[in-house]
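My notes follow in the order I took them.

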Amino acid sequence: MSIIKPVTKKTLLIACVLFTVLVALIGLPARQVSAAGSVTAEDLISLVNGIRTGNGLPALQENSILDGTAQATAQTMADESSETHLGGVTARVADAGYGSGQDVAATENFAYYLYGATLAWIQSVWADTAHMLPMTDSHYTDIGAGVATNPTTHRVYYVVHAAYVMGGTYTGGSGSGSGSTGGGGSSNTATASVSQIMIPVVTSTPHADGSVIHVVQPGQTLWSIAMAYGTHIDILQQLNSLGSSTDIYQGEKLLMPSAEPPSTPTVTPTPPLPTRTVTPTRVLPTLGIATATSAVASGSDLSLDRRTLGLIIIAICGLGLGTVMFTASRRR
């Protein structure tokens with residue numbers, strides 16, 4: 001004959017606490033984890049120097065002043081959720097004391113990514129000619145880097161400053177070196193011959209046949225243009241026969257993915273009523289995006305997601321467990 005031990009109040013309390021913790025853990029939203037968030041300023045410097053030495057050039061020397069300007073730039077861009085350079089990188093590093101009053105030349109690469117990027121991704125978006133300047137130009141001798149995060153947008157910004165002393169006396173302003181800037185998710189200050197004007201990417205209006213042509217403006221990159229139009233770099237490369245190149249130039253006309261030609265609104269007359277005059281009713285066209293939104297909204301009203309359903313099932317099981325324990329306690 002087996003003896004069933006009565007359920008004690010202590011056991012019941014422990015069971016209730018464990019059940020509450022279980023429900024709380026399941027109810028927590030899944031955290032987006034990215035190994036990219038571990039990319040540091042030192043990693044960026046190693047990336048640049050690894051490519052430089054692979055090209056037969058000496059590694060750049062880490063410079064504390066450039067580290068400071070790069071970190072300050074990354075923090076400012078993160079605070080402002082910037083999509084373009086701050087401008088005047090040569091003047092900024094010189095004013096910070098780099099070159100000790102002599103003329104200097106500086107260049108700036110930056111990139112940002114939601115929750116952080118991988119080092120391989122950063123290398124891929126800095127693979128064009130302008131961004132490769134710190135890795136291919138033998139004049140550059142020093143480097144600094146910085147990483148900062150916007151806690152609201154969760155964008156992680158990566159900035160590299162490379163520079164060298166040209167000699168002569170620094171008189172302020174942009175200096176004699178490169179100081180031009182670009183925009184978008186990743187960009188670079190190119191050579192002194194490139195305009196320092198930065199024009200944000202503004203999408204073009206589709207033509208009557210649905211085709212969209214974008215004229216490249218100063219400071220715009222293929223990456224930033226693709227982001228503005230909601231497409232991908234490889235699609236733009238295919239449409240414009242660019243191959244694997246991401247190099248574009250000011251004034252170049254790029255074909256964007258075609259938009260659907262606008263439909264003509266139709267006018268449907270309301271059938272005549274005995275005591276009313278005929279009133280034409282204007283029926284506006286239904287846009288695809290509105291239709292998609294409506295479908296999602298109606299779907300969410302008719303069904304439960306897995307997490308909600310799981311919580312309901314756990315709550316029912318917990319209620320049953322509590323009832324059984326309470327009944328057993330009463331019997332005791």
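**Entry 1: Tyr-115.** I began with Tyr-115, which counts as partly exposed because its relative accessibility is 29%. My cut-offs are under 20% relative accessible area for buried and over 50% for exposed, with partly exposed in between (1.4 Å probe, protein chains only). Tyr-115 is not a glycine, yet I found a positive phi of about 65° there. I placed Tyr-115 in the loop between S2 and helix H5 (119-125). Helices (H or I, at least four residues) and strands (E, at least two) are DSSP runs, numbered from the N terminus.

**Entry 2: ground rules.** I noted that this is a predicted model, where local features need pLDDT of at least 70 and side-chain atom pairs count only at pLDDT 80 or more, while totals for chains, interfaces and linings use all residues. Residues are numbered from 1 along each chain as its sequence is written, and side-chain values use heavy atoms, leaving out hydrogens and water.

**Entry 3: the whole protein.** I looked up 10 helices and 9 strands. Of the 332 residues, 35% are buried. For the accessible surface I wrote down about 19300 Å², with 61% of it belonging to carbon and sulfur atoms; the areas come from the Shrake-Rupley method with a 1.4 Å probe, and for residues only the protein chains shown count as cover. Among contacts (heavy atoms within 4.5 Å), I took those with a separation of 6 or more, and 68% of them join residues 24 or more positions apart.

Entry 4: Ser-100 sits in the loop between H4 and S2, and it is exposed, with a relative accessible area of 71%.

**Entry 5: helix H2.** Does the length of H2 agree or disagree with its residue count? The 14 residues of H2 (residues 41-54) should span 20 Å at 1.5 Å a residue, and the end C-alpha atoms are 20 Å apart, so the two agree. The expected span is 1.5 Å times one less than the number of residues. Buried residues in H2 include Leu-44, Leu-47, Val-48 and Ile-51, and I also marked Asn-49 and Arg-52 as buried.

**Entry 6: salt bridges.** I asked how many salt bridges there are, and the count comes to 2. The rule wants a side-chain nitrogen of Lys or Arg within 4 Å of a carboxyl oxygen of Asp or Glu. Side chains of opposite charge can pair when their charged atoms come close.

Glu-83 pairs with Arg-155, their closest N and O atoms being 3.1 Å apart. This pair links distant parts of the chain, 72 residues apart: Glu-83 is in the loop between helix H3 (64-80) and helix H4 (89-95), and Arg-155 is in strand S4 (residues 155-169). Glu-83 is partly exposed at 36%, whereas Arg-155 is buried at 18%.

Glu-108 and Arg-92 form the other salt bridge, 3.1 Å from N to O. Glu-108 belongs to strand S2 (residues 102-114) and Arg-92 to helix H4, 16 residues apart. Glu-108 is buried at 0%, and Arg-92 is partly exposed at 23%.

**Entry 7: Leu-236.** Is Leu-236 buried or exposed? Leu-236 is buried, because its relative accessible area is 0%. I found Leu-236 in helix H8 (residues 233-239). Not counting residues up to four places away in sequence, Leu-236 touches several residues, including Leu-222, Ile-225, Leu-255 and Pro-257.
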